[in-house]
Amino acid sequence: MNAATGDLDGAAGRTLHAGNIRDVLLDRLVRVLGRDPERAGPRDIYEALANAVREELSARWVATQRRVARAHVKRICYLSVEFLPGRALINALSSLDGDLLQATRLAVQDLGFDLETIAAEEHDPGLGNGGLGRLAACFLDSLATLQYPAIGYGIRYDYGIFTQVINADGSQREIASSWLRLRDPWELTRPEARYEINFGGRCLAETDAAGRTRHRWIETRKMLAVGFDNLVPGNRSPTVNHLRLWSGRAVEPFKVGEFNAGNYPGAVADQIAAKNLSRVLYPDDSTPQGKELRFCQQYFFVSASLQDLLATLLAEGRALDDLPDAVAIQLNDTHPSLSIAELMRLLVDVHDLEWERAYGIARRVFGYTNHTLLPEALETWPVSLFERLLPRHLAIIYQINRNFLDEVSAHYPGDIERRRRMSIIDEDQGRRVRMAHLAVVGSRRVNGVAKLHSTLMTQTIFADFAALWPERFTNVTNGIAVRRWLKQSNPGLSTLLTERLGNAWENDLEELERLRDAADDPDFRRRFRAIKLANKQRLVNAIRTRAGIDVDEASLFDVQVKRIHEYKRQLLNLLHVVTRYNRIRRDPAAPVVPRTVIFAGKAAPGYHMAKAIIRLINNVARVVNSDPIVGGRLKVVFLPDYDVSLAQRIMPAADLSEQISTAGMEASGTGNMKLALNGALTIGTLDGANIEIRDHVGAEHVFIFGMTAEEVAAHRARGYVPSDLVRADAELAETLAMIDAGYFTPDNVADAKSVVDRLTCDGEPFFVLADFRAYLEAQERVDALYLDADRWSRAAVVNCVNMGFFSSDRSIREYADNIWNIRPVI
């Protein structure tokens, strides 16, 4: 073997480390991929690297599973319909060995490539849409890093959420995601993890020899769930856990008889129906078919997950009565709430436990995390859907509800109204199953995700439950994985922190507190500013490539990147943009702080107002960016197809973090944490985790504005009339009139009318115009501070070094200690 290809002999089978990465890479190119290293392209290098790294992860995963099984400890099983892990290659290299990432970079350079180009060959896994999925991924990262025994369960979506494309008229168009178009080298197929999932049929009650009533679910339509594992490494940790994702398959995927009879569609109909269960995340539920598919998806994934964890525990010799000491199951929002009824079915119908015994087990296993106070976001399903698709589960839910309402009556005799409010079955809305109520009743602990959210949760949507079971409710403020959102996303800042602190901060973010005096160090501030500028220059290039817009890295980068929703109030931001535009046009000679306002996020396909907001943002951008009077002092950018990789480019470059939701409506937010950790200053309402960020970094280092949650509630109670505000504010009236008249949409002057009508309608639920003037005043404070680069840098450093509390490691320790009762396995 010549020097160009290296020594391949014996490279296979070695433990992967910085000293042998080049030889292992060459070995995988030749022996696994059958590629000549001298002719290998970027995709070849990527797959060879992924193969080598996955082999190392697999060996560590096997060792982890052995340690956990022998220790006979309690596991956490985290159930979520969304996971947004981001790309795996850099994360794995960075986690495995302190020197491995740099050694890989050099090995790849030796072959004529750079590692960033190779890493870009990987598509972001299309397994989530927003904060819910990213939080779940951060938690899996922390669980592995802290060496807790854990399994994540979700769905292996073939096409994920969707790929967002912006049309010529500024509107969003959804096309199928291509993340699985090429083979995913990171996943491990688990053909032995194959479980039967049933739908439809009927229930048959029988009396056994002992005189007990037994239920059989018969004449069902059967499908299969097949498992695929993605390995999750801990940072500088021997622990590798796994995320098991389920894919739908037919029991009989191809019916030869139907095919030979000429019924070609019928020959594969079962396979199509089964695979539809794992085609896309959040099927559009504006149609009856979409609602049914979403309902079936949720049952499909919880049934497979529970069958799998029971099989694992029984194989280890655990008894079913010991289940609460062997496993904790966390429901990430209401989507997995069917788990409660499904576990009861498995214990009672499959494993022949008596109801009371089974229910005593089930009620000590589950925890439920609530993520929203919006009533419309608390899932309910028609009883008729249960009757047709899950009749046995409906009977179980009825029994749970009877037992629960008896308990309510015992505490509140004669209070019929309270029973009606608390019932799992909503009798007022066409008989529907309230999934959040099922989750609360069936769980031993219920948590919110920020102090304000947890307080409001017990005062509003779950007030009756909190009065009955005050000990059941708690708070765990969300956190973020510092490895992904600082170490990997912002290598310049990471290097600076490591110079001052060593690398302990990677696994203990509260180490940053040792740098609190750094804000007063002129050299530290200078280096901090230089790193921020370099990050902004990288984002400038990405904006040019993705959006075709040239922006100035010296301008203030004003960032709002998140799911598009009215309560997140992208419209309030846009109203400020238009008002700022008008001010420049009125007095072009007046001094102004140059701004680049950056939006990104996807709208649900069936959410028409959110899609109208995206269209308006793009149309405002087109006019503002091309106006010669503005002269580049204001630019508006909408970056399409927001995902984890794009977020990792945006977060380190942001100057201003827009966290402007209607107070009382954002549960927590985690984008606020990622941006602040990377040195962005927050402009925001007293909502979600903004309050706790303010408390940690100091009120003088954030820009708080607007009504509080209590003031919003009071305003709603007395009646909200936005038109009164428009009449009293000439600038606001001018801004709305421009939009309404089609100034930004000359080819279709009525295009934005629905947006203006929504903002000005009586009782508009998100109080956008009510906070408009306070928001503009806060933006003026932003401009004033940004003019003083040194003071701005000091505030940015203060934000960064005071974010130690907001690590997902801290969140996981709180879950482990206060909810799950699990311990690390070292």
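Author: A residue counts as buried when its relative accessible area is under 20%, and as exposed when it is over 50%; partly exposed lies in between. The model discussed here is predicted.

Reader: Is R569 buried or exposed?

Author: R569 sits in the loop between β17 (556–561) and α23 (570–586). Its phi is positive, about 60 degrees, although R569 is not a glycine. The relative accessibility of R569 is 1%. The cut-off for burial is under 20%, so R569 counts as buried.

Reader: R236 also has a positive phi and is not glycine. Is R236 buried, partly exposed or exposed?

Author: R236 lies in the loop between β8 and β9. Its phi is near 50 degrees. The relative accessible area of R236 is 39%.

Reader: Which strands stand at the edges of the nine-stranded sheet?

Author: The sheet is open, with mixed pairing, and its order is β5-β8-β9-β2-β1-β10-β11-β15-β16. An edge strand here has a single partner, so one of its sides is left without a neighbour in the sheet. The edge strands are β5 (187–199) and β16 (473–475).

Reader: What is the average twist from one strand to the next?

Author: The sheet holds nine strands. From one strand to the next, the twist averages 25 degrees.

Reader: Which residue of β10 is the bridge partner of I76?

Author: Strands of a sheet pair through backbone hydrogen bonds. Strand β1 (residues 75–79) and strand β10 (residues 327–332) run parallel and are joined by five bridges. In β10, the partner of I76 is A328.

Reader: Which helix packs on the sheet, touching β1 and β10?

Author: The helix also touches β2 (150–155), β5, β8 (221–233) and β9 (240–250). Its direction makes about 115 degrees with that of β5. The helix spans residues 288–315 and is α10.

Reader: How is α2 placed relative to α3: parallel, perpendicular or oblique?

Author: The axes of helix α2 (residues 42–71) and helix α3 (residues 89–96) come within 10 Å and cross at roughly 50 degrees. Roughly parallel needs under 35 degrees, and roughly perpendicular starts at 65. That makes α2, relative to α3, oblique.

Reader: How many residues of the contact of α2 with α3 are nonpolar?

Author: From α2 come Y46, L49, A50, V53, E56, L57 and R60, and from α3 come L89, A92, L93 and L96. None of these counts as polar and two are charged. The nonpolar residues number nine.

Reader: Which residue in the turn between β3 and β4 has a positive phi?

Author: β3 (residues 163–166) and β4 (residues 172–175) run antiparallel, joined by four bridges. They form a hairpin with five residues between the strands. Phi is about 90 degrees at G170.

Definitions and conventions. Residues numbered from 1 in each chain as written. Predicted model: local features only at pLDDT ≥ 70, side-chain atom pairs only at ≥ 80, totals over all residues. Heavy atoms only, no water. Pairing = 2+ DSSP bridges. Helix = DSSP H or I, 4+ residues; strand = E, 2+ residues; numbered from the N terminus. Axes fitted to C-alpha atoms, helices over the stretch in contact; angles between N-to-C directions. Contact = heavy atoms within 4.5 Å. Parallel < 35°, antiparallel > 145°, perpendicular 65-115°, else oblique. Nonpolar A, V, L, I, M, F, W, Y, C, P; charged D, E, K, R; others polar. Buried < 20%, exposed > 50% of the residue type's maximum accessible area, 1.4 Å probe, protein only.
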